[in-house]
Amino acid sequence: LKIEVFGDANDYVGKGLSGGTIVVRPIPSSPITSNENTIIGNTVLYGASSGKLFAAGQAGERFAVRNSGAAVVVEGCGANGCEYMTGGTAVILGPVGLNFAAGMTGGMAFVYDVGNTFELGVNPEHVTWQRIDSAHWEGVLRGLVEGHVRETQSTFAADLLIHWDLEVGKFWQIVPHEILQALEEPLSDKSPQAIA
């Protein structure tokens, strides 16, 4: 199942998502720059257990709260992103608000941080973060960004892929402390215990 929305969507998009794909993107004639505008509301993917969401624009607050298995790509989010997340993968291609990853105990997030502001907003209590240092995890990230471009035709994300070698160093990889030892692949190609 795939649901495509041309235009913006309100709060609770993908609440309880348990499969399928949701795509939210501006109408083709829209003059807006996707990564500079909000396209989905607050509390997106609340309690999602599987499936995918691609949104060519920013999300509101409490993005991916209690996500337990969905894969998602957005182009920025407000406060409390990935709050209480227990599974899945979240890719945020832009700035995040305060208290990011509060109570996050599972899953993984990648944040594209051009302005070097991510560390000011992350909640350090349950997670650790580092620049991407593994070919495996870079491949996971790139695959999701490629899927985002395919589904949304985001010119912003397409440009990231064109300049990937220059841009990949601006991503943070965020992982809960609880799952560090259980990851399918180490976070670093240099050392299995690159961060602790």
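The radius of gyration is taken over C-alpha atoms, and the globule rule is 2.2 Å times the number of residues to the power 0.38. With 196 residues, a compact globule would come near 16 Å; the protein chain has 15 Å, which agrees. Along its principal axes, the C-alpha trace spans about 50 × 35 × 30 Å.

This is a predicted model: local features need pLDDT of at least 70, side-chain atom pairs count only at pLDDT 80 or more, and totals for chains, interfaces and linings use all residues. Residues are numbered from 1 along each chain as its sequence is written, and side-chain values use heavy atoms, with hydrogens and water left out.

**Elements**

The protein chain holds four helices and ten strands. Helices (H or I, at least four residues) and strands (E, at least two) are DSSP runs, numbered from the N terminus. From that end, the order is β-β-β-β-β-β-β-β-α-β-α-α-α-β.

**The sheet**

Two strands pair if DSSP finds at least two bridges between them.

| Strands | Sense | Bridges | Residues opposite each other |
|---|---|---|---|
| Strand 1 and strand 2 (18-25) | parallel | five | Glu4 and Val23 |
| Strand 4 and strand 6 | parallel | three | Lys52 and Ala71 |

**The helices**

Contact means heavy atoms within 4.5 Å. Axes are lines fitted to C-alpha atoms, for helices over the stretch in contact, and angles run from 0 to 180 degrees between N-to-C directions.

Helix 2 also packs with helix 3 (residues 155-162). The angle is about 140 degrees, and the axes are 9 Å apart. That makes helix 2 oblique to helix 3. Angles under 35 degrees count as roughly parallel, over 145 as roughly antiparallel, 65 to 115 as roughly perpendicular and the rest as oblique.

Helix 2 brings Arg142, Val145, Glu146, His148 and Val149 to this contact. Helix 3 brings Ala157, Ala158 and Leu161.
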